[in-house]
Amino acid sequence: MDYVSALLPPVVMAIFFIALVVTIVKSQGGSNKGKEDAAVDGALARAEAARQKPASS
């Protein structure tokens, strides 16, 4: 039974990792893509504005 207790943690972690990858792949594109792209574009615009603000004053 020692081999079961030795193999259980890696198997559980592998199942969790596979579920995580599947969730990430499923959430890409579709109806969420426009919302995600808008959030990234907004964050990049704020970062660019913050970087340029001190230089112009």
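**Figure 1. The annotated transmembrane region, residues 6-25.** An unreviewed UniProt entry carries the annotation "transmembrane region" for residues 6-25. The model shown here is predicted. In this model the span is 100% helix and 0% strand. The C-alpha atoms at the ends of residues 6-25 lie 30 Å apart.

**Figure 2. Helix 1 along its length.** Helix 1 has 26 residues. From its first C-alpha to its last, helix 1 reaches 39 Å. That is close to the 38 Å expected at 1.5 Å a residue. Helix 1 is hardly covered by protein: the count of buried residues among its 26 residues is 0.

**Figure 3. The bend at Leu8 and the residue after the helix.** Helix 1 bends by about 30 degrees at Leu8. A proline, Pro9, follows within four residues. Just after helix 1 comes Gly29, with a positive phi of about 75 degrees.

**Figure 4. A nonpolar surface patch.** Eight side chains are named here: Phe16, Phe17, Ile18, Leu20, Val21, Val22, Ile24 and Val25 make a nonpolar surface patch of about 760 Å². Ile18 is one of these patch residues. Ile18 lies in helix 1, which runs over residues 2-27. Its relative accessible area is 53%, so Ile18 counts as exposed, the cut-off being over 50%.

Figure 5. A search of the whole structure finds 1 salt bridge. Glu48 forms a salt bridge with Arg51. The closest N and O atoms of the pair are 2.4 Å apart. Both residues sit in helix 2 (residues 31-56). Glu48 and Arg51 are 3 residues apart, so about one helical turn separates them. An α-helix has 3.6 residues a turn, so residues three or four places apart point the same way. Glu48 is partly exposed, at 31% relative accessibility. Arg51 is exposed, with a relative accessible area of 60%.

**Figure 6. Ala43, and its separation from Pro10.** Ala43 is found in helix 2. At 37% relative accessibility, Ala43 counts as partly exposed. In sequence, Ala43 and Pro10 are 33 residues apart. In space, the C-alpha atoms of Ala43 and Pro10 are 37 Å apart.

Terms used. Residues are numbered from 1 along each chain as its sequence is written. This is a predicted model: local features need pLDDT of at least 70, side-chain atom pairs count only at pLDDT 80 or more; totals for chains, interfaces and linings use all residues. Side-chain values use heavy atoms; hydrogens and water are left out. Patches are made of residues with over 30% relative accessible area and no salt bridge: like charges are joined within 9 Å, nonpolar side chains (Val, Leu, Ile, Met, Phe, Trp, Tyr) within 5 Å. Accessible areas come from the Shrake-Rupley method with a 1.4 Å probe; for residues, only the protein chains shown count as cover. A salt bridge is a side-chain nitrogen of Lys or Arg within 4 Å of a carboxyl oxygen of Asp or Glu. Helices (H or I, at least four residues) and strands (E, at least two) are DSSP runs, numbered from the N terminus. Buried means under 20% relative accessible area, exposed over 50%, partly exposed in between (1.4 Å probe, protein chains only). UniProt positions are given in the numbering used here, feature names are shortened, and annotations may be inferred rather than shown by experiment. The expected span of a helix is 1.5 Å times one less than its number of residues. The bend at a residue is the angle between axes fitted to the seven residues ending there and the seven starting there.
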